[in-house]
Structure formats: C-alpha cells, structure tokens
Amino acid sequence: MLKSFKYRLRPTKKQENILLAHIDQCRILYNQLLCARIQAWKNENKSLSQYDQTNTIPMLKEQHPEFKQVYSQVLQQVSTRVDLAFKGFFRRLKEKSKTGEKAGFPRYKGQNRYDSITYPQFANGCRLDNKGLRLGSIGRIRIVQHRSLEGIPKSCTITRTATGKWFVSISCDIGEKDKKPNTNSAVGIDVGLNSFAVTSDGQKIENQRFFRKEEKSLAKAQRKWDAVKKRPKTDNVREKRRKVIAKVHERIRNKRHNFAHQESRKMVNRHSFIAVEKLDVKDMQKNKRLAKSIADVAWSLFRHCLEYKAEEAGIGFKAVKPDYTSQDCSACGHREKKTLSDRVHHCKACGYKTDRDHNAAINILTLGLQRQAD
C-alpha cells in the first residue's frame, strides 16, 4: 500500500530560482517530447514509446546544455509524464462512445502550466534528515516536517502552488494492513445538498458551503483583476491581483479539504464498515441550476478520503449505485416515486415515517452489506 506525506518547503530565494529554472527546463523538454511524438506519427506513421523517448534525452542535453543542470532522473520522469498523457488520451478515446465527452489530446505546456518536478527514486537524488530535504542539483531545503514518515520512501514530487508556496509529496510503501475484526458497527452514508451527509444511524452533517461564503471576496478580487488583466504579464500590479484571486481559491480549497479529511476520519474511527453512494458527479453537474452547489459540496473528495482511510485502517468499504435508494422503503421495500421537494419518507404500505435522506442511508447500508457478502 502506498501513502503520500505532504510537507511545506521553505526554500531560500536562490533555491527558489533554481527550482523555477528546473521546472521550466522540464516544461521545455515536455513540449519537445510531445512534438517528437506528433511529428513521428505524421511523418512516419510511427508511435514512439516511453523507452524510445527516454533514450533521446542524452542527445537533447547536448543540444540544450541547460538541461544538464537538472538531475538526470528528473528529466527521465518527464518522458513518463508524456507517455501517461497519451495513455490517458487513448483511454478516453475508447470511452468516448459511452460518455460522449471530448477525448482531450495532450497539449503543449505554456508558462505557469507546468508546476512540479519528480524524483522517481527517493534513494537517488533525495534524502530527508533532521536538517532538511536534500535534492540532487539543488541542495538542502528547509522543510516543515509536522509528522514522521511511515514505511519506505519511494519517490518525491516538488510542487509550486499558484500563490507561490512550495510543497513536497513523498510517496511511501507502508505495507499491507491487517483487516480489523467486524464489530458490527456498520454505517451507510447518503450525501446531499441540504445536508452534506446523513448516516444510517441518524447523524446529520451540515453542508458548509465554503465557496458560497467566499463568493463576495472572490467577486471583488476578480473585478480588480479585470481592470489590469490586459497589462503585460511582467507588470507587478497585474501579478499582485492575480495572486489575490489565487489566494481566495486556495483558502476555499484548504477549508474544503480539511472538512472532508476531518469528517472521513471520524467515520473511519467510529465504524468497522462504511457504505456510500457511487455518484456520477460530472453528469450531475450538467444541471445548470445545481452545478455550482454540487461542485462546492465536493462529494467525490469525501468518498476518496473515506476509501483510502478505510483501506489504511483495515475496515470494510463499499461504494454502491444509489438507484431507488430514496424511493424504496427501508422497512418493507415498497417503492414509491418522490420529487426532490419531498423531504419526508412516509411509506403508504407499512406506515414507516422518517427523513428522506435517513431512509436512503439505511438502504445504502443494506446494499453495501449485500455487495460485501457477494
């Protein structure tokens, strides 16, 4: 099992300039490798592999001496990114008939569109000690190590955010986790917009609406940005106002991530089995009236946090299709159509009455337990 540990980096001004230069050189290399694949197919009807492109890097380093400043394995990892981009394109191309969405051909990376570099082997070019993070071709960078690493470090990725902050994500192999014994503490979770989530045991988690609360601040920042966005990119005022917008978005994202992690941790600590809805969020966002609210509530993030935390803790987890979970009676199974405005479930067959979302959560738990037994 792989687990990533993310830490804040505090590089000096000199180290920051070196990191920015390395990222830019990797961006240029990415564009060259992408161009080589496109030209090879157009001119020779030949598809280049990752191995083919990795072998061309020594020749490119001779043509572009600035590439030699970047650690060799970091450059080799760029060819992996190009290969993954094409694999993703062909996968989406196969699924296009089902989803109807565009496949998205790999694009060239402009400035500020490439923001990270990866050391694929932690033992080569990376070392973490009490004095900081040591990186090949860069040196020792001060790190805010708020918790210890677990397992065996495998790789590390250095990332720069839109607000100019630096982070490192270290991927570690923490081994296999033993399954916890079933303590009969199982829960089903129904997510929604009125309440963020309702559980089968009656707990209700309020929807925080982080984006909605920051809309005025964001609108104010964007109005100021509109006044200067046509200025040259080197203009200091333009850059400052761009950063204000980025900081608002970062603040919203941090609050949302913190909320999802906190609530998912509570669920995992409290229960030995968790069942959730498997929602097609992209399809649901086609509803223009609810698209902003659905994006703000971040159901997919919450489910992802639940899934990996449950796997790490060794407890059961199932994502089930939510078809008819709101219409079926959790007491007798009678199905009755409801509109979105019907917030109370009152079964005409058996008389069972409860909150609509609570009834759906019980049905989700029942489906999850059935899938777990299969």
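Which residue takes a positive phi just after H1? The legends below start there. The model shown is predicted.

**View 1. Helix H1 and the residue that follows.** Helix H1 covers residues 13–44 and holds 32 residues. At 1.5 Å a residue, H1 should span 46 Å. The C-alpha atoms at its ends lie 46 Å apart, so expectation and model agree. Just after H1 comes Asn-45, the answer to the opening question. Asn-45 has a positive phi of about 55°.

**View 2. Cysteines without a disulfide partner.** The structure has zero disulfides. Cys-35 is in none. Its nearest cysteine sulfur belongs to Cys-26 and is 18 Å away. Cys-172 is in no disulfide either. Here the nearest cysteine sulfur is that of Cys-156, 10 Å away. The surroundings of the two residues can be read from their relative accessible areas. Cys-35 is partly exposed, at 29%. Cys-172 is buried, at 0%.

**View 3. The largest pocket.** About 1,000 Å³ of space lies in this pocket. Its lining comprises 25 residues. Nearest the centre are Lys-6, Arg-147, His-257, His-261 and Tyr-308. Four elements each supply at least two lining residues: strand E1 (2–10), strand E7 (166–173), helix H5 (236–270) and helix H8 (299–313). H5 provides the largest share, with seven residues. By class, the lining has eleven charged, ten polar and four nonpolar residues.

**View 4. The largest cavity.** The model holds two cavities of 30 Å³ or more. The largest has a volume of about 90 Å³. Among the residues that line the largest cavity are Ile-189, Val-191, Val-276, Trp-299 and Phe-302. Strand E8 (186–191), strand E11 (273–277) and H8 each give two or more residues to this lining. H8 gives the most, with five residues. The lining of the largest cavity has eight nonpolar residues, one polar and two charged.

**View 5. The second largest cavity.** This cavity has a volume of about 40 Å³. Phe-196, Asn-207, Gln-208, Arg-209, Phe-210, Arg-256, Phe-259, Asp-296 and Val-297 form its lining. H5 and helix H7 (291–297) are the elements that give two or more of the lining residues. By class, the second largest cavity is lined by four nonpolar, two polar and three charged residues.

Methods
Residues numbered from 1 in each chain as written. Predicted model: local features only at pLDDT ≥ 70, side-chain atom pairs only at ≥ 80, totals over all residues. Heavy atoms only, no water. Expected span 1.5 Å × (residues − 1). Disulfide = S-S within 2.5 Å. Buried < 20%, exposed > 50% of the residue type's maximum accessible area, 1.4 Å probe, protein only. 1 Å grid on protein atoms, 1.4 Å probe; cavity = no way out; pocket = protein on both sides within 12 Å on 5 of 7 lines; lining within 4 Å. Points joined across faces, edges and corners; volume = space filled by probe spheres on them. Nonpolar A, V, L, I, M, F, W, Y, C, P; charged D, E, K, R; others polar.
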